[in-house]
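Here is a short briefing to read alongside the sequence and the model. Take a look at both before moving on to the notes.

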Amino acid sequence: MKVIIDEEVCIGCETCTELCPEIFRMDEMKEKAKVVRPEGGSVDCIEEAMEACPVSCIHWEE
Ligand code: SF4
């Protein structure tokens, strides 16, 4: 599984990038978050970011 962000929905609040900076980074041009390590990193951290995302746009993809 890998983690994806639905960019259409992301509001660029930076919550996920603060929680898991090794997985999520801000795309400064788009002012949205992007996934920099889709198959690596802490699952706990990713799930915490999923729960904390105010618009629920972080998902697992098979
Ligand atoms: S927490 Fe959600 S809305 Fe906020 S930057 Fe991350 S993906 Fe976007």
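The notes below go from the overall fold to the core, the ligand shell and a few loop residues.

This is a predicted model, in which local features need pLDDT of at least 70 and side-chain atom pairs count only at pLDDT 80 or more, while totals for chains, interfaces and linings use all residues. Residues are numbered from 1 along each chain as its sequence is written.

**Overall fold**
- The protein chain holds 2 helices and 4 strands, where helices (H or I, at least four residues) and strands (E, at least two) are DSSP runs numbered from the N terminus.
- Read from the N terminus, the order of these elements is β-α-β-β-α-β.
- The C-alpha trace spans about 25 × 20 × 20 Å along its principal axes.
- Of contacts between residues at least 6 apart in sequence, 58% join residues at least 24 apart; a contact here means C-beta atoms, placed from the backbone, within 7 Å.

**Burial and core**
- Of the 62 residues, 19% count as buried. A residue is buried if 20 or more other C-beta atoms lie within 10 Å of its own, exposed if 12 or fewer, and partly exposed in between, with C-beta atoms placed from the backbone.
- The largest nonpolar core has 12 residues, among them Val3, Ile5, Phe24, Ala33 and Ile58. Such a core is a set of buried Ala, Val, Leu, Ile, Met, Phe, Trp, Tyr and Cys residues joined through C-beta atoms within 7 Å.
- Ile5 touches Cys10, Ala33, Lys34, Val35, Cys57 and Ile58, leaving out residues up to four places away in sequence.

**Strand E1 and its partner**
- E1 runs antiparallel to strand E4 (residues 58–61), and 4 bridges join them; strands pair if DSSP finds at least two bridges between them.
- Opposite Lys2 stands Glu61 in E4.

**Ligand shell**
- There are 14 residues around the ligand, and Cys10, Cys13, Cys16, Ala33 and Cys53 come nearest. A residue is near a molecule if its C-beta atom, placed from the backbone, lies within 6 Å of it.
- The shell has 11 nonpolar, 2 polar and 1 charged residues. Ala, Val, Leu, Ile, Met, Phe, Trp, Tyr, Cys and Pro count as nonpolar, Asp, Glu, Lys and Arg as charged, and the others, Gly among them, as polar.

**Loop residues**
- Gly12 sits in the loop between E1 and helix H1 (15–19), and it touches Met26, Glu31, Lys32 and Ala33, not counting residues up to four places away in sequence.
- Gly41 lies in the loop between strand E3 (32–35) and H2. Gly41 counts as partly exposed because 17 other C-beta atoms lie within 10 Å.
- Gly41 and Ile23 are 18 residues apart in sequence but 6.5 Å apart in space, C-alpha to C-alpha.
- Most residues other than glycine have a negative phi. Glu14, in the loop between E1 and H1, has a positive phi near 75°.
- Glu31 also has a positive phi, about 60°, and lies in the loop between strand E2 (24–27) and E3. Glu31 is exposed, with 11 other C-beta atoms within 10 Å.

Terms used. Two residues are in contact if their C-beta atoms, placed from the backbone, lie within 7 Å.
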